[in-house]
Amino acid sequence: MNRFAELLDRLAYEPGRNNKLRLLTGYFREVGDPDRGYALAALTGALSFKHAKPALVRDLISSRTDEVLFGLSYDYVGDLSETVALMWPKAELTAHNNPPPPTLTEVVTTLRTLGKTELPKQLERWLDELDETGRWALLKLVTGALRIGISARLAKTAAAALGDKDPHEVELIWPGLSPPYLDLFAWLEGRADKPVNRDPAPFRPVMLAHAIEDGDFAALDPADYIAEWKWDGIRVQAVAGRDEHGHITARLYSRTGEDITGSFPDLVPSLRLPGAIDGELLILREGRVQSFNVLQQRLNRKVVSPKLIKEFPIHLRAYDLLGDDENDLRELPFAERRERLESFIAKLGDPRIDLSPTVPFASWEALTAARADPASAGAGEDADAVEGVMLKRRDAPYLPGRPKGQWWKWKRDPHIIDAVLMYAQRGHGKRSSYYSDYTFGVWTAGADGDELVPVGKAYFGFTDEELLQIDRFVRRNTTEKFGPVRHVVHEGDKGLVLEVAFEGLQRSPRHKSGVAMRFPRISRLRWDKPPREADRLETLERMLKEEAAEIEA
Amino acid sequence: MTTMRPQDILLPAAAGLCCKPGGFHIDPVRPVERAVITHGHSDHARAGHGAVLATQETLDMMRLRYGENFAGSTQVISYGEEIRLGDVKVKFHPAGHVLGSAQIAVTCKDTCIVASGDYKDAPDPTCTPFELVPCDVFITEATFGLPVFRHGDASDEVKKLLASVALFPERAHLVGAYSLGKAQRVIALLRQAGYDAPIYLHGAMEKITEYYQSRGIELGELRPVQGVKKAALAGTITLAPPSATSDIWTRRFPDPVTAFASGWMRVRARARQRGVELPLVISDHADWDGLTATIAATGAGEIWVTHGQEDALVHWCRSKGLKAQPLDLVGYGDEEESETPVAGEAEA
């Protein structure tokens, strides 16, 4: 447990992805089975212990410490597990025969079988045996709140690196594995064959596209590509398969492989043909695709009420077929998969699942025109939900990751506003010496004339050279400092105007301005523009009205 | 014979802790006629007093920082030496905080008050160990006066640093440490752990570190980091003032790992707030166990608690049947270690 705690401790402070990977892979190499397997399970969210609640931890500490001292300490530290870990007074142990601190395996296997009533005594014993970091990790683990900035994907990538394997290979077999993953590690260390995935409806790692730049077209031949609309929805993988009894199991996965079936029970009955569809999750009302803002009402819901299902009817728009019954289609060229997809969707004949149409074009000029006006180029009434076009090479197999030159996304031009830099904050990791997080605002009428109101925050979009320029500007034009935050001069004729690009707007009571941007980034620095000529809040409110009208429709 | 109440001997005043019968102030924050100073940190040792009484090391450090004319006159006092000032006797005892740091025992008639300044009861190869002084009233700091602050063995923290250097040989390790005391202690601990490569120094800590060496403290080979090529800093350790570790200055290092040696690093939010990747819990102040053990061992029946987390420590004293009160002294804790790490951070 102490070695695992040390790993968590170090990961919690490490900002760099590659360094996190090294710490993780180092741990997997150094620590044996089954501890490392349970560590992998903890990091991928595969463990949960239903009886360990924060209230229990509170009870334990109040039985051991002075209430006032605990109160003052908790106030200061701000985190229950950490406060308890730090101030836990160890019971006086006898000098001989002290039990060694528990291993991670012991903790996990004990917790799985322990009844609710035995839990407090057991936790107390462990807290006495572990050091501060060990206690912290134990409490984080049992209360299910690791939150150390490690995604499941990163943990799997680190495990794959142990055997120089492609992380996609691990991803592929992952749904069939369970803690402590002895078969996985045996394969990674070359001691056994690759484990076979017996999951009837496994996730397949997704293929992603590169953003196309103007200069890329010259090297591309339109005849090599098929174009489709790029829908402003959620990329999903809908998989159905037969289990050993011949029954159909259906699952819906996010693009990262997260199982989101539970959020969309209304789609499950439509997934009755064995196969794996790559497509876009959308909301359709009277056959018409709704905006992303509408779809958002259905995301991240714990409870999916019948009312929600009725008002926000879910729909899958299919654009690729990765598996057809028992056959893996991923090695086939896209043009062939597309044909298989068309007949699959026709055979399914379900109103909730349809085909994403292709966009015919003979030249880049023709596609440019279609992208500029999707309504007349076949998208019809759904044109508002089109955020650009996708280009897929006819001969491309389905390759996990973001392979070069196979798939391109060509987004519609984003919304643009000119905003004024108001506050700057230091970045993290490599950027910790740079002011790289910017809060920007637009003008609005205040009590004493026009004033700037913050409308968003952006920390990318600029080049390294531009980052240096902004950093210099921030340091030279700071009016006040609050810890890591600097107030940067922002007056009518003094300050820096940032051209901000974003994908959409939403009403937000949490922001002073009342609006929140989707995916904002700095697209240009407007050194030439005086701040007073930046945009006004009214401009954003106008854009907002246009979008809001749809949600209520 | 009348017995003196402790507050007739020492009393908080605007300039600091004032001893009327002795005609002096302890660690005054404003210029006074006669100052008695516990140690060289800038919030305790300020310039501009008429006469200053302190250890040789403290006086030397003040001279290094403020120049030759930092006080009207100076007088050296050694550990264990007793001097009469007005109606009181003043005796200096090692405080174990930094080189030259002292607790000041003030005795008037039968009453002895010990003003401990800043102290720690943990081992430190760069200064004389803390000495326990029995007294009637003990004035204690409370920088780490919460039971969450337990500092552990500093040499284990240094092992953590060395393990990281071994894990990331292509990166530079940048250790934020206060220039006076902490930096030299970290270097000495690295040497004790067997690390014998040259250690690099930020310009701001060169003078004070040389002073430590001149007092016979072995620190091995030290080099200024100024002018060293970026590539040559891979796999090395550099010590710098904490404020420098998040500044433009760090761009001269190859992919630096930012460490920070401080008692505050015990609390994660504190470390993260500052962008520290490798927190090292090494403190020159007593931790909770150190504070409470020391208070109990002095045998004092009355405890005055200054700068830090007074509430918790006063509560603890009272729960043990001791008379205790917070002493509201303004102006201490401005020295870097006692301060909230991010707010008020100085930047060049």
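Helix 3 spans residues 154–167 of chain B and helix 4 spans residues 182–192 of chain B; the two pack at an angle of about 75°, with their axes 10 Å apart. Axes here are lines fitted to C-alpha atoms, for helices over the stretch in contact, and angles run from 0 to 180 degrees between N-to-C directions. Ala154(B), Ser155(B) and Val158(B) of helix 3 of chain B make the contact with Leu189(B), Leu190(B) and Gln192(B) of helix 4 of chain B, where contact requires C-beta atoms, placed from the backbone, within 7 Å.

The model is predicted: local features need pLDDT of at least 70 and side-chain atom pairs count only at pLDDT 80 or more, while totals for chains, interfaces and linings use all residues. Residues are numbered from 1 along each chain as its sequence is written, and chains are lettered from A and ligands numbered from 1 in the order in which they are written. Helices (H or I, at least four residues) and strands (E, at least two) are DSSP runs, numbered from the N terminus.

Turning to chain A, helix 3 (residues 35–43) packs against helix 7 (residues 104–113) at an angle of about 60°, with their axes 8 Å apart. The contact joins Asp35(A), Tyr38(A) and Ala39(A) of helix 3 of chain A to Leu104(A), Thr105(A) and Val108(A) of helix 7 of chain A. By class, the residues of this contact are four nonpolar, one polar and one charged.

The largest nonpolar core has 160 residues, and those with the most contacts inside it are Val106(B), Ile113(B), Val186(B), Leu239(B) and Ala259(B). Such a core is a set of buried Ala, Val, Leu, Ile, Met, Phe, Trp, Tyr and Cys residues joined through C-beta atoms within 7 Å, buried meaning 20 or more other C-beta atoms within 10 Å of the residue's own. Helix 1 of chain A (residues 2–13) gives the most to this core, with seven residues.

Finally, the contact between the chains takes 23 residues from chain A and 27 residues from chain B. Helix 8 of chain B gives the most to the side of chain B that touches chain A, with five residues.

Notes:
Contact = placed C-beta atoms within 7 Å. Nonpolar A, V, L, I, M, F, W, Y, C, P; charged D, E, K, R; others polar. Buried ≥ 20, exposed ≤ 12 C-beta atoms within 10 Å, placed from the backbone.
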